[in-house]
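Student: I would like to go through this model with a few specific questions.
Tutor: Go ahead; the sequence and structure are shown below.

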Amino acid sequence: MQILYIAARNFTTQAAVQPAIYSSDEESADIDWDNLGFHLMQTDYMYVTKSSEDGIFTQGQLNRFGNIQLSPSAGVLNYGQGLFEGTKAYRREDGRVFLFRPQQNAIRMQFGAERMCMPSPSTDQFVDAVKQTALANKRWIPPSGKGSLYIRPLLIGSGPILGLAPAPEYTFLVYACPVGNYFKQGTAPLNLYVEEDVHRATRGGAGGVKSITNYAPVLKAMKDAKAKGFSDVLYLDAVNKKYIEEVSASNFFLVKGNVLSTPIAKGTILEGVTRKSIMEIALDLGYTVEERLIEADELISADEVFCTGTAVGVAPVGSITYKGQRIEYKISSDLSCKKFYSRLVGIQGGIIKDERDWIVEIE
């Protein structure tokens, strides 16, 4: 695993290489596709570009994957001025490679950048960078059904700044890594713990954008929960301490009869791309979909609950522990979340017709 290297100089990278080198398919990487897990694995190339003085990002280039250099006074290091996204590239049975709704990630980064006083790449620049990164690392894309290539776009304040202010320069970079299941238990149902004292976000904060500052504060709650045997933490709102918000890095859904409910996005939860897709799929399948305030007490009467995210996919929940009470949920093959996930994977794999132009082919 390569790590960030800090030096008293501006951002630099290793010598750039020309994209044309990787336009043809290469031999598949020599790794165990059946046991990928969700761990960092160094791939071949990353995409890098910087903003000019007027906030416009210049033409990016593909560099060998490697360490980067930042001034110790870089805005991202001192004031947390940074955003990240997560999307995936999938290989189909016929060998073709596709992305899933990368435009939505671009739009979400633009929204977050405005909140964090940062310039951002255009939608076309963002999607092109993701395509180039996926193509350059094509040999790392798992075979169909074995996983995906997780692609991580980063937007950081790379320019040096001492006083509290926006950085004078920004860097947009994209790297990738082959992944399998996010959770160590694989596809086994999750066991969640409702955290009542630690809160992920507050009203007026940055909980609704994918800021890097949203994630380190939940690590202790996650660590404590996992030490007790739980998969992850389910957070409540910081004001009333009774309304469900989201899990540490995924959105939350509750099913009761033919009604699918998810916490309303009012600036304290992230509007996930998978979340949005599942809501649209549920409507197609005849479900009533609600975005609303969901009280934690409703967990007792729910038929099923599940989590969604680019990294986690669609993960059913087997139990939730709230106020010392363990609530068990029936796990079966006819769960609503499994129907939603089957439709989602079918669209991604080309088995089900893509009627909304969600799929972008990498040529």
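Student: Which residue just after H5 takes a positive phi?
Tutor: This is a predicted model, in which local features need pLDDT of at least 70, side-chain atom pairs count only at pLDDT 80 or more, and totals for chains, interfaces and linings use all residues. Residues are numbered from 1 along each chain as its sequence is written, and side-chain values use heavy atoms, with hydrogens and water left out. Helices (H or I, at least four residues) and strands (E, at least two) are DSSP runs numbered from the N terminus. The positive phi just after H5, about 90 degrees, belongs to Gly 286.

Student: How many of the 12 residues of H5 are buried?
Tutor: Buried means under 20% relative accessible area, exposed over 50%, and partly exposed in between (1.4 Å probe, protein chains only). Among the buried residues of H5 are Val 273, Arg 275, Glu 280 and Ala 282. H5 is mostly covered, and the number buried is nine.

Student: What distance does H5 reach from its first C-alpha to its last?
Tutor: The expected span of a helix is 1.5 Å times one less than its number of residues. For helix H5 (residues 273-284) that expectation is 16 Å, and the model comes close to it, at 17 Å.

Student: Is Phe 126 buried or exposed?
Tutor: Phe 126 has its place in helix H3. Leaving out residues up to four places away in sequence, Phe 126 touches Glu 85, Pro 102, Asn 105, Ala 106, Met 109, Pro 121, Pro 153 and Phe 172, where contact means heavy atoms within 4.5 Å. With a relative accessible area of 1%, Phe 126 is buried.

Student: Why is E17 largely enclosed by the rest of the structure?
Tutor: In a regular strand the side chains alternate between the two faces of the sheet. Glu 304, Phe 306 and Thr 308 point one way from E17, Val 305, Cys 307 and Gly 309 point the other way, and all are buried. Strand E17 (residues 304-309) is therefore largely enclosed, the number of its six residues that are buried being six.

Student: What is the radius of gyration of the protein chain?
Tutor: The chain comes to six helices and 20 strands. The radius is taken over C-alpha atoms, and the globule rule is 2.2 Å times the number of residues to the power 0.38. For 363 residues the rule gives 21 Å, and the chain is close to this, so it is as compact as a globular protein of that length, with a radius of gyration of 21 Å.
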